[in-house]
Structures are given as structure tokens and as C-alpha cells.
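The paragraphs below lead through one protein model, from overall figures to strands, a helix and aromatic rings. Keep the sequence and the structure open while reading.

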Amino acid sequence: MTRASVVLAVSLLLCGARVARAQAASDLLGQGVRRYQALEYDAAAALLERSLRRDSVTGLADSLQTRALTYLAATQLFRGQRDSAVAVFRQLILLNPRYQPDELVFPPQVTNLFQEVRRSTKAVAVVVPPVTTMRTRVDPFKARLLTSSLADLTVTLAREDGTPVRELYNGPVADTLVLSWDGLTAAGTPAEDGRYILRVMPRSPTADGPRARQVVLDVKQQPPDTLPWPSTPALLPERTSTGPAFQSLAAGLVAGVAVVALPSLMAQGKDATGARYAVGAAVGVSGLVGFFARKPRPLDANVRANASQRDAWKRRVDAVKAENAARLRTMRLVVRAGPETIAERGSP
């Protein structure tokens with residue numbers, strides 16, 4: 001047998017063992033309930049206690065644990081073990097402060113004792129969704145606080161190292177409170193990536209008060225998609241071309257020089273007369289007149305059209321700036337919550 005085969009076989013055995021333990025816990029619970037219904041309280045107590053043992057409860061849902069504890073407390077009460085029944089009911093209330101036994105299933109002796117224990121047991125629980133995708137300031141993260149009786153509570157959010165982030169609530173909770181967090185820190189900025197501790201604790205801890213609870217939150221930012229900048233508009237020419245003016249000037253100057261110089265080049269020894277200078281000057285001046293006549297001038301219609309396009313483009317740019325700023329203010333966060341645990345003394 002290869003090493004991989006051995007590892008696979010061991011893994012299958014371990015998985016099978018866990019499933020078997022879970023099935024055994026469920027089976028023990030079912031047998032205990034049947035013994036209770038048959039008024040076989042000693043046998044029922046033994047089976048129910050076995051179903052709740054740590055090594056047998058693997059895979060047993062909270063609802064089944066609640067059911068097992070309720071039947072165990074009722075069984076202990078009918079066995080004459082009232083103190084044991086009170087202890088089991090207290091454990092049940094700490095597990096689920098809002099639980100109420102079914103009055104159609106359990107007689108008044110059981111439900112009355114439960115209410116008595118519930119009034120004297122201070123308990124709080126935190127219920128959060130396993131995964132929340134939220135947008136800061138818009139779609140808040142929500143948690144539900146459950147209490148067994150009126151309690152003054154403080155709810156805080158801190159980094160995993162204990163650095164305070166924000167106080168989310170400080171006041172009384174009589175039964176249920178839905179708590180919202182907008183994803184921002186006390187400074188008003190979106191929470192950064194990392195692990196946070198959502199902690200619920202009594203404002204004035206006492207020996208018989210509720211124990212502090214906490215949930216680890218793994219926060220991950222998802223940067224929003226921003227809009228691209230609008231493309232620069234294609235503008236029309238706002239002035240006429242300078243080419244014709246310079247062409248007219250160059251043609252006049254060349255012609256004027258030619259009038260003066262060509263006779264001397266064609267007939268050696270002939271000096272340029274004053275008349276030729278006058279003609280050359282006149283031709284040059286005509287080039288200057290053509291230059292000024294054809295110099296660039298504004299195209300008013302194009303100037304007005306371009307101004308309208310520039311204004312529209314600036315409005316689009318301003319709209320994109322505002323939209324991107326709004327998107328950046330509403331950062332998307334993914335919050336993954338761990339299981340609820342008891343906050344130990346001295347924990348950050």
C-alpha cells in the first residue's frame with residue numbers, strides 16, 4: 001500500500017469516526033427523550049447526559065443541544081434533583097438567552113422552574129450573519145443582541161490587538177436589540193482590512209451579571225469601480241490659417257528683389273536705375289499689403305461652438321469627479337464573522 005493510500009484510509013477513518021460520534025449523540029438524545037416519555041427518568045438522565053458529553057456532541061446542532069438540556073432539566077426535576085435541574089436550566093439560558101420551553105410539551109412544573117431560573121440568570125448572546133457584504137454609510141452590518149432579562153450593556157469594536165475602533169452602543173437592552181455598524185471608524189473613515197473584535201459587555205460587571213461575549217470579524221475592503229475621465233472634445237479651428245499671408249509676403253519680396261537684380265545679372269556692367277528700384281519697392285510693398293490683408297483672423301462661429309463644447313466637457317468632468325468621490329465614500333466591505341465566544345477577563 002502506498003503512502004498516499006495510507007493517508008487517505010486514515011482520513012476516511014477519522015471522518016467516519018466523527019460522523020459516528022455525531023450520529024451516536026443524536027441517537028442518545030432520541031433514546032433519552034423516549035425514556036423520559038416512558039417515565040423512566042433514571043435511564044433518561046443517563047442517556048441525555050451522555051448525549052451532551054464533549055466527545056459525543058460533535059456535529060450536534062445548537063437546537064439539539066437546547067432540546068437535550070431541556071429534557072435533562074425536566075428529568076432531573078422529576079427525579080427530585082431540583083438543584084441539578086436549576087443548574088441545567090442555567091446552562092441552557094447561557095447558551096440561548098431567548099429560549100422558551102414548549103408549554104405543550106412540558107408541564108407547568110418544568111416551565112415555571114425555567115422562568116424562575118431565567119429571571120435570576122443574567123445572560124446575553126450575540127447573533128451575527130456568517131458573511132455580510134456591505135457598503136459604508138449605505139448598507140450597514142447588523143448584529144442582534146439577545147438578553148434573558150434587562151441588562152445595561154456596552155458594545156465596542158476594536159482591532160485584534162485591542163486598539164479601540166468605535167463604540168457602537170451603550171445603554172439598556174430589555175429583550176432584543178438590532179445593532180447596526182456603518183463600516184466606519186470613529187474618525188469617519190472606512191475600516192481597513194484586518195481582524196476586529198465585536199464585544200458585548202455589561203456596563204457594571206457583577207458576580208451574578210451576564211458574562212461578556214465577543215465575535216471575531218474578518219473585514220476585507222473591495223475598492224469601488226470609478227468612472228474614467230471624459231475624453232477631450234475635438235475643437236474647431238478658431239483662427240484662419242497663416243499660410244496665405246506668409247505666401248503673399250514672400251512672393252512680393254522675391255518679386256521686388258528680382259525686379260532690381262535681374263537686369264544687372266543679364267547685362268554685365270549695367271547699374272540698376274532709380275526706376276527699377278521704385279518698381280521693386282512697389283512690388284515688395286504689394287507683398288506686405290497682401291500679408292496684412294491675409295493675416296489670421298478669428299472665426300467667431302467656431303469660437304462660440306468651441307466654448308459650448310468646453311463648457312459641456314467641464315460639466316462632464318465635474319459630474320465624474322462627484323460620482324467617483326461618492327463611490328469612494330461608500331467603500332464596499334466583506335465581513336466574515338467567527339463563532340460567538342465568551343470574552344475572557346483581560347482579553348484585548
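**Overall figures**

Of the 348 residues of the protein, 34% count as buried. The model is a predicted one. Its accessible surface comes to about 20,600 Å², and carbon and sulfur atoms hold 57% of that area. Among contacts with a separation of 6 or more, 70% are between residues 24 or more positions apart. The secondary structure consists of eight helices and nine strands.

The strands can be taken next. In general, the strands of a sheet pair through backbone hydrogen bonds, and the pairing is either parallel or antiparallel.

Strand β4, residues 151–159, runs antiparallel to strand β7, residues 194–202, and seven bridges join the two. To locate the pairing in the viewer, find Ala158, which stands opposite Ile197 in β7.

Among the helices, α8 covers residues 300–329 and so has 30 residues. From its first C-alpha to its last, α8 reaches 44 Å, close to the 44 Å expected at 1.5 Å a residue. Which residues of α8 are buried? They include Asn302, Asn306, Val317, Val320 and Asn324. An α-helix has 3.6 residues a turn, so residues three or four places apart point the same way. That spacing can be kept in mind when looking along the helix.

The aromatic rings come last. A pair of such rings is described by the distance of the centres and the angle of the planes. Counted with centres within 6.5 Å, the protein has nine aromatic pairs. One of them joins Phe141 and Trp181: the ring centres are 6.4 Å apart and the planes stand at 80°, so the pair is edge-to-face. The cut-off for that class is an angle over 60 degrees. Phe141 belongs to strand β3 (residues 141–147) and Trp181 to strand β6 (residues 176–181), so this pair ties together parts that are 40 residues apart in sequence. Phe141 and Trp181 are both buried. Elsewhere, one aromatic cluster is formed by Tyr36, Tyr41, Tyr71, Phe78 and Phe106.

Definitions and conventions. Residues are numbered from 1 along each chain as its sequence is written. This is a predicted model: local features need pLDDT of at least 70, side-chain atom pairs count only at pLDDT 80 or more; totals for chains, interfaces and linings use all residues. Side-chain values use heavy atoms; hydrogens and water are left out. Rings of Phe, Tyr and Trp (its six-membered ring) pair if their centres lie within 6.5 Å; planes under 30 degrees apart count as stacked, over 60 as edge-to-face and the rest as tilted. Helices (H or I, at least four residues) and strands (E, at least two) are DSSP runs, numbered from the N terminus. Buried means under 20% relative accessible area, exposed over 50%, partly exposed in between (1.4 Å probe, protein chains only). The expected span of a helix is 1.5 Å times one less than its number of residues. Contact means heavy atoms within 4.5 Å. Accessible areas come from the Shrake-Rupley method with a 1.4 Å probe; for residues, only the protein chains shown count as cover. Two strands pair if DSSP finds at least two bridges between them.
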